[in-house]
Amino acid sequence: MLLTLAQIQARLGGELLDDDGRALSGVGSLDHANADQLSFALGEKQRAAALTCAAGALIVGPALAEGLDRPRLVVDNPHASFARAIGLFHPDTPVRAGCHPSAVVAASAVIGEGVEIGPHVSVGEQVHIGPGCRIGPGCVIGDGVRIGAGCRLYANVTVYAGCVVGDRVGLHAGCVIGADGFGLAWEATGWVKVPQIGRVIIGDDVEIGANTTIDRGALDDTVIGRGVKIDNLVQIGHNCRVGDHTAIAGCAGIAGSTTIGKRCLIGGAAMIVGHIEIGDGVTVSGASFIGKSIATPGVYTSTQPQMPHADWIRNAAQLRHLADMRERIRALEKQLREQDEDKES
């Protein structure tokens, strides 16, 4: 697909400067784009790279509006606009309406207009699939599932019975929505499984990465809010609630009955214990362990930097003495206070 910068402006908005009318064939990074490609620069720190790159045109912010030597589209948020520009050059392949002969679709299922159902798909009883969806090969959709309009289920996605998926949701390959939560009760003879009778409810415009698992609620529902973005290999336990527009990076683990607020950022491999609340606007650094509730927005980190193994062994050995050291420090502080009081008297 060939697009001029003016055509891109017509779709994305912004101010067009020094346009030479050239046709652009695609997009590229600032380091590798060629004269037929569009790239972007975020701010003043990238001015030198923007001046020396080979890109035929740029999307830039107001800080780079002047002083560049090539066509550019000036927008408030270059990163977001460039993301949309990529979509113009690489649009999603159109949905091919129809059901593959190898798919098994229950007679009671309601399939919307223009839905594509791929090979070896299983669609259960009383399922509702909205218009314009694509259901990829090998997907399993349990009884009573409701899927909104314009969704994309990639290969081998499983949505367990009763779960609800909003509009324009993307579920990547191998993710599992609505498996049983880890609910167990102990008695003398062993573990008793607690039936998990809640659902998973996913809001509109959510994207969930490959092989991510979201457990159904034990009694209440597990709820994923609007616009949430979840990376690959994330585990979300039963009865969790994730607020609108929160992003969770790969390999994070969130134990059951945890509430995460809106617009939070959860770093990769972060571990969050169950039955706590994390407020709106909280950022958890990658590989952090969160063991108690967080009410105040900000960045929270609970990991140690790497060090030579011998140093780690010596430091770890001292952890056993922390309580004794605390008491000794308190005793010394008390002694100093008493000495100061004696001097004053």
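## Trp186 and the aromatic pairs

Trp186 has a relative accessibility of 57%, above the 50% cut-off, so Trp186 counts as exposed. Trp191 is exposed too, with a relative accessible area of 58%. This is a predicted model, and two aromatic pairs are found in the structure.

Phe40 and Phe82 are both buried. In the pair formed by Trp186 and Trp191, the ring centres are 5.1 Å apart and the planes are at 70°, so the arrangement is edge-to-face.

## Confidence of the model

The mean pLDDT of the protein is 96, and 100% of its residues reach 70 or more. Among the elements, helix H4 (residues 309–319) has the lowest mean pLDDT, at 90. Strand S18 (residues 158–159) has the highest, at 99.

Strand S5 (residues 37–41) runs parallel to S6, and four bridges join the two. Within this pairing, Leu38 has Ala57 of S6 as its bridge partner. S5, helix H2 (residues 47–52) and S6 together make a β-α-β unit, and this unit is right-handed. S6 is also joined to strand S7 (residues 72–74), by three bridges, and these two strands run parallel as well. Here the bridge partner of Val60 is Val74 in S7.

Which way do the side chains of strand S6 point? Ala57 and Ile59 point one way from S6 (residues 57–60), while Leu58 and Val60 point the other way. In a regular strand, side chains alternate between the two faces of the sheet. All four of these residues in S6 are buried.

## The open sheet

Nine strands form an open sheet with parallel pairing, in the order S10-S13-S16-S19-S24-S27-S30-S33-S36. At the edges stand strand S10 (110–111) and strand S36 (277–278), each with a single partner strand, so one side of each has no neighbour in the sheet.

Inside the order, S13 and strand S16 (residues 146–147) run parallel and are joined by two bridges. His128 has Arg146 of S16 as its bridge partner.

## Nonpolar cores

The largest nonpolar core has 50 residues, and the members that touch the most others are Leu153, Leu171, Ile177, Ile202 and Ile236. Strand S24 (200–202) and strand S37 (282–284) each supply at least two residues of this core. Apart from it lies another core, of 15 residues, which includes Ile8, Ala57, Phe82 and Ala85.

What does Leu171 contact, leaving aside its neighbours within four places in sequence? Its contacts are Arg152, Leu153, Tyr154, Val157, Val159, Ile177, Ile202 and Ile208.

## Residues in loops

Two residues other than glycine have a positive phi. Gln126 has a phi of about 60° and lies in the loop between strand S12 (122–123) and strand S13 (128–129). Arg263 has a phi near 55° and lies in the loop between strand S33 (259–260) and strand S34 (265–266). The relative accessibility of Arg263 is 51%, so Arg263 counts as exposed, the cut-off being over 50%.

Is Ser288 buried or exposed? Ser288 has a relative accessible area of 1%, and because buried means under 20%, Ser288 is buried. Its place is in the loop between S37 and strand S38 (289–290). Not counting residues up to four places away in sequence, Ser288 touches Ala269, Ala270, Met271, Tyr300, Thr301 and Ser302.

Glu113 is in the loop between S10 and strand S11 (116–117). With a relative accessible area of 72%, Glu113 is exposed. Not counting residues up to four places away in sequence, Glu113 touches Pro131 and Gly132. Glu113 and Ala173 are 60 residues apart in sequence, and their C-alpha atoms are 24 Å apart in space.

Conventions:
Residues are numbered from 1 along each chain as its sequence is written. This is a predicted model: local features need pLDDT of at least 70, side-chain atom pairs count only at pLDDT 80 or more; totals for chains, interfaces and linings use all residues. Side-chain values use heavy atoms; hydrogens and water are left out. Buried means under 20% relative accessible area, exposed over 50%, partly exposed in between (1.4 Å probe, protein chains only). Two strands pair if DSSP finds at least two bridges between them. A crossover is right-handed if, with the strands pointing away from the viewer, the path from the first strand over the helix to the second runs clockwise. A nonpolar core is a set of buried Ala, Val, Leu, Ile, Met, Phe, Trp, Tyr and Cys residues joined through side-chain atoms within 4.5 Å. Contact means heavy atoms within 4.5 Å. pLDDT is the predictor's confidence in each residue, from 0 to 100. Rings of Phe, Tyr and Trp (its six-membered ring) pair if their centres lie within 6.5 Å; planes under 30 degrees apart count as stacked, over 60 as edge-to-face and the rest as tilted.
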